[in-house]
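Colleague: I am new to reading protein structures. Could you walk me through one, feature by feature?

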Amino acid sequence: MRVDAVTLFPGMIDAPLSESIVGRAREEGFLDLGFLNPRDFTEDRHRTVDDKPYGGGTGMVMMAEPVYRALKKVRRKNSFVILLTPKGRRFDQGLALELAKKKHLVFICGHYEGIDERVTPLADLELSIGDYVLTGGEPAAVAVIDAVTRLIPGVLKKDDATVNETFTGGLLEAPHYTRPGVWRGQKVPEPLLSGNHKLIAEWRRSRAEELTGKTRPDLAARGPERKPARGKKRILK
Ligand code: 6GU
């Protein structure tokens with residue numbers, strides 16, 4: 001998959017996505033990640049990318065033109081353009097699965113107080129990663145690119161890891177344990193040591209339901225199917 005990020009701070013995305021599984025996915029060619037800095041698309045002496053908001057107020061607003069030019073340079077017919085903003089649709093695993101099918105994703109990262117509203121029509125989707133405010137779209141882009149990259153076939157060794165996991169089944173995952181069997185007085189639950197696969201599956205199911213009911217009643221209420229939350233359409237352009 002090809003992914004491009006339009007950002008004033010490429011290092012905020014490049015560095016975290018150079019480590020671990022995503023770093024390896026890039027080295028192995030599963031993910032081809034590129035960056036466009038709106039500053040490189042300015043023409044004035046100071047390479048200006050932001051200005052004061054019309055109507056007054058605090059902070060600076062990113063200007064539309066440098067972002068537009070950057071986007072024009074990378075956008076192709078099959079590109080899916082995502083504008084990262086806390087006002088966007090909330091990202092979830094269902095959306096990650098949809099985005100993983102795309103050939104080319106382009107992320108536009110706002111910074112400061114945001115981007116001139118007139119760039120919004122250039123995006124296919126406005127996306128948020130949760131109900132809190134970040135300094136910019138960059139950490140959100142990292143989260144989304146990470147979640148999507150691990151779903152690209154071949155990136156993870158066992159595809160099973162993406163089938164059984166938290167959220168895909170509409171439940172949080174059961175807890176995991178590894179050696180030693182007793183750690184500082186705490187034992188590994190008996191069923192996991194039984195070697196009985198049916199018993200293990202039942203134990204995990206039951207722990208997953210218990211955990212989901214306790215910490216995420218909203219997920220529990222939605223049921224076991226990975227169906228969209230009520231009233232939400234899951235169809236992307
Ligand atoms: Cl996409 N951007 C910013 N600035 N803050 C956020 C966000 C995005 N998602 C959650 N908070």
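Modeller: Start with polar contacts. A polar contact is a pair of N or O atoms within 3.5 Å. Keep in mind that this model is predicted. Here the side chains of T7 and E138 are joined by a polar contact of 2.7 Å.

Colleague: Which backbone atom does the side chain of T7 reach?

Modeller: The side chain of T7 reaches the backbone nitrogen of F9, at 2.8 Å. T7 sits in the loop between strand 1 (2-6) and helix 1.

Colleague: Is T7 buried or exposed?

Modeller: Buried means under 20% relative accessible area. T7 has 0%, so T7 is buried. Now take R184 for contrast. Exposed means over 50%. R184 counts as exposed because its relative accessibility is 73%. R184 is in the loop between strand 8 (182-183) and strand 9 (186-187).

Colleague: How many residues does the protein have, and what share of them is buried?

Modeller: The protein has 237 residues, and 41% of them count as buried. The protein has 8 helices and 9 strands. Its C-alpha trace spans about 70 × 40 × 40 Å along the principal axes.

Colleague: Next, salt bridges. How many are there?

Modeller: A salt bridge needs a side-chain nitrogen of Lys or Arg within 4 Å of a carboxyl oxygen of Asp or Glu. This structure holds 15 salt bridges. One of them joins the side chains of E43 and R69, at 3.5 Å from N to O. E43 lies in the loop between strand 2 (32-36) and strand 3 (50-51), and R69 in helix 3 (residues 64-74), so this pair ties together parts 26 residues apart in sequence.

Colleague: With which other residue does the side chain of R69 meet in a salt bridge?

Modeller: With E65, at 2.9 Å from N to O. R69 and E65 both lie in helix 3. They are 4 residues apart, which is about one turn of the helix.

Colleague: Where do R75 and D124 lie?

Modeller: First, their side chains meet in a salt bridge of 3.7 Å, N to O. R75 is in the loop between helix 3 and strand 5, and D124 is in the loop between strand 6 (104-109) and strand 7, so the pair ties together parts 49 residues apart in sequence. Salt bridges can also link up: R2, D4 and D32 form such a network.

Colleague: Which residues form a nonpolar patch on the surface?

Modeller: F9, M12 and Y112. Together they have about 250 Å² of accessible area. M12 lies in helix 1 (residues 11-14). With a relative accessible area of 35%, M12 is partly exposed.

Colleague: Now the ligand. What surrounds it?

Modeller: Look for residues with a heavy atom within 4 Å. The shell around the ligand includes L84, T85, P86, S128, I129 and Y132. By class, the shell has 7 nonpolar, 5 polar and no charged residues. Strand 5 supplies the largest share, 3 residues.

Colleague: Which protein atoms lie by the nitrogen atoms of the ligand?

Modeller: A side-chain N or O atom of S128 is 3.3 Å from a ligand nitrogen. A polar backbone atom of I129 is 3.0 Å from a ligand nitrogen. For Y132, a backbone N or O atom lies 2.6 Å from a ligand nitrogen. On its own, the ligand has 290 Å² of accessible area, and the protein covers 95% of that.

Key. Residues are numbered from 1 along each chain as its sequence is written. This is a predicted model: local features need pLDDT of at least 70, side-chain atom pairs count only at pLDDT 80 or more; totals for chains, interfaces and linings use all residues. Side-chain values use heavy atoms; hydrogens and water are left out. A polar contact is a pair of N or O atoms within 3.5 Å; within protein, one must be able to donate a hydrogen and the other to accept it, and residues adjacent in sequence count only if both atoms are side-chain atoms. Accessible areas come from the Shrake-Rupley method with a 1.4 Å probe; for residues, only the protein chains shown count as cover. Helices (H or I, at least four residues) and strands (E, at least two) are DSSP runs, numbered from the N terminus. Ala, Val, Leu, Ile, Met, Phe, Trp, Tyr, Cys and Pro count as nonpolar, Asp, Glu, Lys and Arg as charged, and the others, Gly among them, as polar. Patches are made of residues with over 30% relative accessible area and no salt bridge: like charges are joined within 9 Å, nonpolar side chains (Val, Leu, Ile, Met, Phe, Trp, Tyr) within 5 Å. Buried means under 20% relative accessible area, exposed over 50%, partly exposed in between (1.4 Å probe, protein chains only).
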